[in-house]
Amino acid sequence: MPSSGAVAMISSSELLAGEDEVESCVLKFPDLDLKESVPLTSKPRLKVELDASVRKKYAFAKKKAFALFVKTKEVPATANCPSTICGEGAWWKCCRQMFKDLSSIHRHIATQHVSDIRQQTGLILKQLAAEASTSSNPASVDKAIRLNGPTCNSPEISVRLPDTSHISFDELTSDVGEVLLYYCYCEVKDPERLCIWQKALCQHLHITGKVRIASEGINGTVGGSKAATCLYIEAVLSHPLFRNILCREDFKSSAGGAHCFPGLRVDVFEEIVPMGIDPNKVSYKETGIHMSPQEFHKEVEKYLSQANQAQSDTILLDCRNFYESKIGRFQGSLAPDIRKFSYFPNYVDKNLELFKNKRVLMYCTGGIRCERGSAYLRTKAMCTAVYQLKGGIHKYLEEFPDGFYRGKLFVFDERYALSSNKDVISACRYCGALWDQYRLCSSQHCRQLVLTCLSCREKGFTACCSVCQEKGLQLASRSSSPVLKEECECTDRRQQRQQEDK
């Protein structure tokens, strides 16, 4: 252990003793050197000095994070917003609001974006620690720059945000727009850093939706105006992580906009699609063979032309959830009765004999679930081959809107479904009439999706099952009542299926 370069590790709980905010990171600074020769009598004094030093660094990082966040909201004065209106040659836009002076945007960010500032402060603290640990070694600094790129406490994030000065505020925030669906499996060395940039990018363009980031890549479903989504695609494609991997065709689009989502959520997870298995154990690098929509169409056509599909050497497998396949699926496909993708591995394990010596054609909404779903299936070494539809149902419907996929395409936003043909393959929960328009269960304690036609809804049948219907009536009859646990016929059936799968 070197004496002059020894590193003191200070836990986050020591950063803000007595204050509300606590940063969940560990700081390592060579200048906070704890030497073994320090006498016991001097330790209290040393602790005070260390606390002061750490607080000083924290204060600096927080100010830097705040200033950087404000910078991402700045819009230069243009012909659409002259300096006589906007103030000192600049104005700020955040949360669909316009701020004409610095004090007002400061107040807004200080009250509405506390978690964003806290997250960026932690990232800057980590970067400061990394810089401090390499400052005494120029070779290490050069290596860090080559590996990690510019530091995140520089104006890098602001620089990587697209210029919107040529676009009016109304055009950028228009309700007429689109929803983008995309993913990219790649090695992400600093997910938190990418998360902060993505959040700043979406806020800058008034984009809503959900973005999952992990060390294995990124998965996004976002909505905004046409101008905003075009700039978003350009920004993502130009990012060094995705520049040589993603292309414009990897973005699936459909009519929609920012109004399709209740807000914006950008977070770091262990997986970019939750299968519940360590990505290091089942990697996207072991995925099945990708088929273009044209190739997949020909294979499905060949499969459906067989007189006895049950005796076929091919399985057409839908790896989506049961409520998705219920309203739309490929003809002749096998649709597992699973509620979420994390149940898919159990389904495969339980039905290994079904896949023995079979060619499997897999598909999902946009392709991402097939990446690791096919990888998991391949680990079982039961199939002769595993193929997957590249770009998912989204891309297939772009080329074959009236092909072998019938019914609606379920989507995870407030639209619930997209339609490319007039077929209705599902029925009302109560009367059995053809119906494919989902609504949330009317019982406040339940979040199940229910298919109930207009006629049945008018009669009061608005819950997912009779148990929820009764609970809803009980709650409505009381002015104040405790929140009931989600327990109904639907959850009972799910629990039974989970027990059977184990």
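I started with strand E14 and strand E15 (residues 385–389): 4 bridges join them, and they run parallel. I counted two strands as paired if DSSP finds at least two bridges between them. Helices (H or I, at least four residues) and strands (E, at least two) are DSSP runs, numbered from the N terminus.

I noted what I was working with. This is a predicted model, where local features need pLDDT of at least 70, side-chain atom pairs count only at pLDDT 80 or more, and totals for chains, interfaces and linings use all residues. Residues are numbered from 1 along each chain as its sequence is written, and side-chain values use heavy atoms, with hydrogens and water left out.

Next I checked strand E12 (residues 314–318). E12 pairs with E14 in the parallel sense over 5 bridges. Leu 317 has Met 362 of E14 as its bridge partner. Ile 315 stands opposite Val 360 in E14.

Then I looked up the whole sheet. It is open, has 4 strands in the order E11-E15-E14-E12, and its pairing is parallel. Its edge strands are E11 (289–291) and E12, each pairing on one side only. Neighbouring strands are turned by 25° against each other on average, direction ignored. For such angles, axes are lines fitted to C-alpha atoms (for helices over the stretch in contact), and angles run from 0 to 180 degrees between N-to-C directions.

I followed the chain from E14 to E15. With helix H14 (residues 368–379), these strands make a right-handed β-α-β unit. Right-handed means that, with the strands pointing away from the viewer, the path from the first strand over the helix to the second runs clockwise.

Is E14 buried or exposed? All 5 of the 5 residues of E14 (residues 359–363) are buried, so the strand is largely enclosed by the rest of the structure. Buried means under 20% relative accessible area, exposed over 50%, partly exposed in between (1.4 Å probe, protein chains only). Arg 359, Leu 361 and Tyr 363 cover one side, Val 360 and Met 362 the other.

Last, the cysteines. How many disulfides does the structure hold? I found 0 disulfides (pairs of cysteine sulfur atoms within 2.5 Å). Cys 364 is buried at 0% relative accessibility, and Cys 464 is buried at 3%.
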